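Let's take a walk through this model together, one feature at a time. Keep the structure open beside you as you read.

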Amino acid sequence: MFDTIIETIENLIPIQGIIDSAFDFVNNLGVIEQIIGLLVGGIIVILGTFELVKKLSKIIIVVLILGGLWFLYSGGFLDGIIGG
């Protein structure tokens, strides 16, 4: 079953041909162009990683605060404050 799904996707999108074309393109570039491309790609990956960590850290902090409040509420520690 999975073989037919994978085969259909491979026939729909010729990904191997795209990968081969990209590999040939990069191989035909000069050394300077490859180094510049590697540096630019590295900078993009590093900046993207920092942006992802920034966004995820904010989400993680909010989830931790909400989880802590839920544990306080379910444990009955907030009954005196909110009158439960």
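E51 counts as partly exposed, at 38% relative accessibility. Here "buried" means under 20% relative accessible area, "exposed" means over 50%, and "partly exposed" is whatever lies in between, with a 1.4 Å probe and protein chains only. K54 also counts as partly exposed, at 44% relative accessibility.

What do the side chains of E51 and K54 meet in? They meet in a salt bridge, at 3.3 Å from N to O. Side chains of opposite charge can pair when their charged atoms come close. E51 and K54 are three residues apart in helix α3 (residues 31-74), so about one helical turn separates them. By this rule, the count comes to one salt bridge.

A quick word on how to read all this. This is a predicted model, so local features need pLDDT of at least 70 and side-chain atom pairs count only at pLDDT 80 or more, while totals for chains, interfaces and linings use all residues. Residues are numbered from 1 along each chain as its sequence is written, and side-chain values use heavy atoms, with hydrogens and water left out.

As for pLDDT, it's the predictor's confidence in each residue, from 0 to 100. The chain has a mean pLDDT of 88, and 98% of its residues reach 70 or more. Confidence is highest in α3, at a mean of 92, and lowest in helix α4 (residues 79-82), at 75. Where pLDDT is low, the predicted coordinates should not be read in detail.

Now zoom out. The chain has four helices and zero strands; these are DSSP runs numbered from the N terminus, H or I with at least four residues for helices and E with at least two for strands. The radius of gyration of the chain is 25 Å, well over the 12 Å that the globule rule gives for 84 residues, so the chain is more spread out than a compact globule. That radius is taken over C-alpha atoms, and the globule rule is 2.2 Å times the number of residues to the power 0.38. Along the principal axes, the C-alpha atoms fill a box of roughly 70 × 45 × 10 Å. Of the 84 residues, 1% count as buried.

A nonpolar surface patch of about 1,100 Å² is made by M1, F2, I5, I6, I9, L12, I13, I15, I18 and I19. Patch residues have over 30% relative accessible area and no salt bridge; like charges are joined within 9 Å, and nonpolar side chains (Val, Leu, Ile, Met, Phe, Trp, Tyr) within 5 Å. α1 (2-12) and α2 (15-28) are the elements that give two or more residues to the patch, and α1 gives the most, with five. I13 is found in the loop between α1 and α2, and counts as partly exposed at 45% relative accessibility. I18 has its place in helix α2 and is partly exposed too, at 48%.

Last stop: the rings. W70 and F71 have ring centres 5.0 Å apart and planes at 65°, so the pair is edge-to-face. Rings of Phe, Tyr and Trp (its six-membered ring) pair if their centres lie within 6.5 Å; planes under 30 degrees apart count as stacked, over 60 as edge-to-face and the rest as tilted. Both W70 and F71 are exposed.

Conventions
Accessible areas come from the Shrake-Rupley method with a 1.4 Å probe; for residues, only the protein chains shown count as cover. A salt bridge is a side-chain nitrogen of Lys or Arg within 4 Å of a carboxyl oxygen of Asp or Glu.
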